[in-house]
Amino acid sequence: MKAFKILLVVSLFCVALSFGAVANAGTKAIVKMDTSLGTIILELDKDKAPQSVDNFLKYVNEGHYDGTIFHRVISGFMIQGGNMDKNMKRKQSRGPIQNEARNGLYNDEYTIAMARTGDPHSATDQFFINTADNGALNFKSESGSGWGYAVFGKVLGGKKVVDKIEKSITYRKGGFSDVPVKPVVIIKAVEIKQ
(Lines give C-alpha, C1' and ligand atoms only; values in the text may rest on other atoms or scores of the structure.)
Protein backbone atom coordinates (compact mmCIF):
# COMPACT_ATOMS: atom_id res chain seq x y z
CA MET A 1 0.00 0.00 0.00
CA LYS A 2 2.86 2.39 0.90
CA ALA A 3 4.58 1.67 -2.44
CA PHE A 4 1.29 2.37 -4.26
CA LYS A 5 0.94 5.77 -2.51
CA ILE A 6 4.51 6.72 -3.42
CA LEU A 7 3.90 5.67 -7.03
CA LEU A 8 0.67 7.70 -7.10
CA VAL A 9 2.37 10.83 -5.71
CA VAL A 10 5.23 10.51 -8.22
CA SER A 11 2.75 10.02 -11.08
CA LEU A 12 0.71 13.05 -10.05
CA PHE A 13 3.89 15.12 -9.76
CA CYS A 14 4.94 14.10 -13.29
CA VAL A 15 1.47 14.96 -14.63
CA ALA A 16 1.63 18.37 -12.92
CA LEU A 17 5.05 19.01 -14.42
CA SER A 18 3.89 18.08 -17.89
CA PHE A 19 0.86 20.38 -17.60
CA GLY A 20 3.18 23.16 -16.47
CA ALA A 21 5.42 22.53 -19.46
CA VAL A 22 2.44 22.66 -21.79
CA ALA A 23 1.23 25.88 -20.19
CA ASN A 24 4.66 27.48 -20.60
CA ALA A 25 5.15 26.26 -24.17
CA GLY A 26 2.82 28.97 -25.47
CA THR A 27 4.96 31.81 -24.12
CA LYS A 28 7.78 31.31 -26.63
CA ALA A 29 7.89 31.35 -30.42
CA ILE A 30 10.76 30.15 -32.60
CA VAL A 31 11.79 31.75 -35.90
CA LYS A 32 14.36 30.29 -38.29
CA MET A 33 16.04 32.99 -40.36
CA ASP A 34 18.15 31.76 -43.27
CA THR A 35 20.63 34.41 -44.38
CA SER A 36 23.30 34.51 -47.07
CA LEU A 37 25.86 33.98 -44.27
CA GLY A 38 24.04 31.15 -42.44
CA THR A 39 21.04 30.43 -40.25
CA ILE A 40 19.94 32.32 -37.13
CA ILE A 41 17.39 30.79 -34.74
CA LEU A 42 15.40 33.30 -32.69
CA GLU A 43 13.40 32.60 -29.54
CA LEU A 44 10.69 35.21 -29.02
CA ASP A 45 9.08 36.00 -25.66
CA LYS A 46 5.31 36.26 -26.17
CA ASP A 47 4.72 36.70 -22.45
CA LYS A 48 6.90 39.77 -21.91
CA ALA A 49 6.57 41.39 -25.35
CA PRO A 50 3.21 40.26 -26.81
CA GLN A 51 2.69 43.15 -29.27
CA SER A 52 6.26 43.10 -30.56
CA VAL A 53 6.24 39.31 -31.02
CA ASP A 54 2.82 39.33 -32.69
CA ASN A 55 3.94 42.13 -35.01
CA PHE A 56 7.21 40.38 -35.91
CA LEU A 57 5.49 37.01 -36.51
CA LYS A 58 2.92 38.62 -38.83
CA TYR A 59 5.75 39.96 -40.98
CA VAL A 60 7.53 36.58 -40.85
CA ASN A 61 4.41 34.63 -41.83
CA GLU A 62 3.60 37.06 -44.66
CA GLY A 63 7.10 36.51 -46.11
CA HIS A 64 7.84 40.21 -45.62
CA TYR A 65 11.45 39.66 -44.53
CA ASP A 66 12.31 37.31 -47.39
CA GLY A 67 14.74 39.06 -49.73
CA THR A 68 15.46 41.96 -47.37
CA ILE A 69 18.95 42.76 -46.16
CA PHE A 70 20.76 43.72 -42.98
CA HIS A 71 21.10 47.32 -44.15
CA ARG A 72 22.83 48.80 -41.08
CA VAL A 73 25.74 47.03 -39.41
CA ILE A 74 27.85 48.63 -36.69
CA SER A 75 30.60 46.50 -35.18
CA GLY A 76 30.47 46.35 -31.40
CA PHE A 77 26.87 47.57 -31.41
CA MET A 78 24.22 45.87 -33.54
CA ILE A 79 23.01 44.54 -36.91
CA GLN A 80 19.72 45.97 -38.26
CA GLY A 81 17.37 44.76 -40.96
CA GLY A 82 13.81 44.01 -41.95
CA ASN A 83 12.74 46.66 -44.41
CA MET A 84 15.07 47.16 -47.40
CA ASP A 85 16.11 45.18 -50.45
CA LYS A 86 19.58 45.09 -52.05
CA ASN A 87 18.87 48.39 -53.82
CA MET A 88 17.98 50.09 -50.51
CA LYS A 89 14.34 50.25 -51.60
CA ARG A 90 11.97 50.18 -48.63
CA LYS A 91 9.17 47.64 -48.37
CA GLN A 92 5.68 48.76 -47.38
CA SER A 93 5.04 48.23 -43.67
CA ARG A 94 1.97 48.26 -41.46
CA GLY A 95 1.30 50.92 -38.84
CA PRO A 96 3.50 51.35 -35.76
CA ILE A 97 3.12 49.47 -32.49
CA GLN A 98 3.40 50.56 -28.85
CA ASN A 99 6.86 50.50 -27.31
CA GLU A 100 7.16 47.56 -24.90
CA ALA A 101 10.64 48.40 -23.62
CA ARG A 102 9.43 48.41 -20.01
CA ASN A 103 9.02 44.62 -19.98
CA GLY A 104 12.02 43.45 -17.96
CA LEU A 105 14.01 42.35 -21.02
CA TYR A 106 17.30 44.14 -21.64
CA ASN A 107 19.38 45.02 -24.69
CA ASP A 108 22.04 42.45 -23.87
CA GLU A 109 24.34 40.78 -26.40
CA TYR A 110 22.44 38.49 -28.81
CA THR A 111 18.98 39.86 -27.99
CA ILE A 112 16.59 41.06 -30.68
CA ALA A 113 14.75 44.38 -30.36
CA MET A 114 12.44 46.62 -32.37
CA ALA A 115 14.11 49.45 -34.31
CA ARG A 116 12.29 52.79 -34.39
CA THR A 117 12.65 56.49 -35.15
CA GLY A 118 12.92 59.23 -32.51
CA ASP A 119 9.25 58.66 -31.73
CA PRO A 120 9.20 55.96 -29.03
CA HIS A 121 6.05 54.36 -30.48
CA SER A 122 7.12 54.22 -34.13
CA ALA A 123 8.40 50.63 -34.54
CA THR A 124 7.02 48.78 -37.56
CA ASP A 125 9.00 46.07 -39.39
CA GLN A 126 12.64 46.90 -38.67
CA PHE A 127 14.51 45.05 -35.95
CA PHE A 128 18.06 44.77 -34.70
CA ILE A 129 20.18 42.16 -32.97
CA ASN A 130 22.47 43.51 -30.27
CA THR A 131 26.09 42.42 -30.74
CA ALA A 132 27.13 43.85 -27.36
CA ASP A 133 25.50 44.66 -24.03
CA ASN A 134 23.79 47.96 -24.93
CA GLY A 135 22.47 49.19 -21.59
CA ALA A 136 22.01 52.71 -22.99
CA LEU A 137 19.13 51.33 -25.10
CA ASN A 138 17.16 50.03 -22.10
CA PHE A 139 13.98 51.61 -20.71
CA LYS A 140 14.60 54.33 -18.13
CA SER A 141 11.46 56.49 -18.12
CA GLU A 142 8.37 57.33 -20.17
CA SER A 143 9.89 60.50 -21.58
CA GLY A 144 12.04 61.33 -24.61
CA SER A 145 15.02 59.05 -25.05
CA GLY A 146 14.22 57.35 -21.74
CA TRP A 147 11.78 55.02 -23.48
CA GLY A 148 14.53 52.83 -24.89
CA TYR A 149 14.13 50.01 -27.40
CA ALA A 150 11.84 47.03 -26.86
CA VAL A 151 13.61 43.68 -26.63
CA PHE A 152 11.33 40.82 -27.62
CA GLY A 153 13.59 37.78 -27.84
CA LYS A 154 17.08 36.39 -28.19
CA VAL A 155 19.33 34.43 -30.51
CA LEU A 156 18.96 30.76 -29.63
CA GLY A 157 21.24 29.46 -32.37
CA GLY A 158 23.54 30.97 -34.97
CA LYS A 159 25.51 33.38 -32.80
CA LYS A 160 28.52 32.78 -35.06
CA VAL A 161 26.38 33.89 -38.01
CA VAL A 162 25.50 37.10 -36.15
CA ASP A 163 29.22 37.59 -35.49
CA LYS A 164 29.98 37.11 -39.22
CA ILE A 165 27.35 39.69 -40.20
CA GLU A 166 28.75 42.12 -37.62
CA LYS A 167 32.21 41.86 -39.22
CA SER A 168 30.88 42.97 -42.64
CA ILE A 169 32.81 45.75 -44.34
CA THR A 170 30.43 48.69 -44.66
CA TYR A 171 30.15 51.90 -46.68
CA ARG A 172 27.73 54.72 -47.44
CA LYS A 173 25.07 53.93 -50.05
CA GLY A 174 22.18 56.10 -51.24
CA GLY A 175 22.18 58.34 -48.19
CA PHE A 176 22.54 55.42 -45.76
CA SER A 177 25.59 54.77 -43.59
CA ASP A 178 26.95 51.44 -42.31
CA VAL A 179 25.62 49.41 -45.27
CA PRO A 180 27.47 46.13 -45.89
CA VAL A 181 29.46 46.29 -49.15
CA LYS A 182 28.45 42.69 -49.86
CA PRO A 183 24.70 42.49 -49.13
CA VAL A 184 23.71 40.18 -46.28
CA VAL A 185 20.35 38.87 -47.44
CA ILE A 186 17.58 37.33 -45.35
CA ILE A 187 16.75 34.55 -47.80
CA LYS A 188 13.77 33.24 -45.83
CA ALA A 189 12.33 33.65 -42.34
CA VAL A 190 9.83 31.08 -41.06
CA GLU A 191 8.06 30.45 -37.78
CA ILE A 192 8.79 26.97 -36.45
CA LYS A 193 5.51 25.64 -35.06
CA GLN A 194 5.95 23.82 -31.75
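A polar contact is a pair of N or O atoms within 3.5 Å. The structure in these views is a predicted model.

**View 1. His 64 in the loop between α2 and β3 (70–74).** A polar atom of the His 64 side chain lies 3.4 Å from the backbone oxygen of Gly 82. The relative accessibility of His 64 is 8%, so this residue counts as buried, the cut-off being under 20%. Apart from neighbours within four places in sequence, His 64 is in contact with Tyr 59, Gly 82, Lys 91, Gln 92 and Asp 125.

**View 2. Helix α2, residues 50–61.** The helix has twelve residues, which at 1.5 Å a residue should span 16 Å; the C-alpha atoms at its ends are 16 Å apart, in agreement. Ser 52, Val 53, Asn 55, Phe 56, Leu 57, Tyr 59 and Val 60 are the buried residues of α2. An α-helix has 3.6 residues a turn, so residues three or four places apart point the same way. The cover over the buried residues of α2 includes the strands β1 (28–35), β2 (38–45), β5 (111–114), β6 (127–130), β7 (151–157) and β10 (186–192). After α2 comes Gly 63, with a positive phi near 80°.

**View 3. The largest nonpolar core.** This core has 31 residues, and Leu 42, Leu 44 and Phe 56 touch the most other members. Helix α2 gives the most to the core, with five residues. Nonpolar side chains tend to be buried together in soluble globular proteins. Not counting residues up to four places away in sequence, Leu 44 touches Thr 27, Lys 28, Ala 29, Val 31, Val 53, Phe 56, Leu 57, Ile 112, Phe 152 and Gly 153. A second, separate core has seven residues, among them Met 78, Leu 105, Ala 115 and Val 151.

**View 4. Met 84 in the loop between β4 (78–81) and β5.** With a relative accessibility of 1%, Met 84 counts as buried. Residues up to four places away in sequence aside, Met 84 touches Gly 67, Thr 68, Ile 69, His 71, Lys 89, Arg 90 and Phe 176. Met 84 and Gly 67 are 17 residues apart in sequence, and their C-alpha atoms are 8.4 Å apart in space.

Definitions and conventions
Residues numbered from 1 in each chain as written. Predicted model: local features only at pLDDT ≥ 70, side-chain atom pairs only at ≥ 80, totals over all residues. Heavy atoms only, no water. Helix = DSSP H or I, 4+ residues; strand = E, 2+ residues; numbered from the N terminus. Expected span 1.5 Å × (residues − 1). Buried < 20%, exposed > 50% of the residue type's maximum accessible area, 1.4 Å probe, protein only. Contact = heavy atoms within 4.5 Å. Polar contact = N/O pair within 3.5 Å; in protein donor to acceptor, adjacent residues only side chain to side chain. Core = buried A, V, L, I, M, F, W, Y, C linked by side-chain atoms within 4.5 Å.
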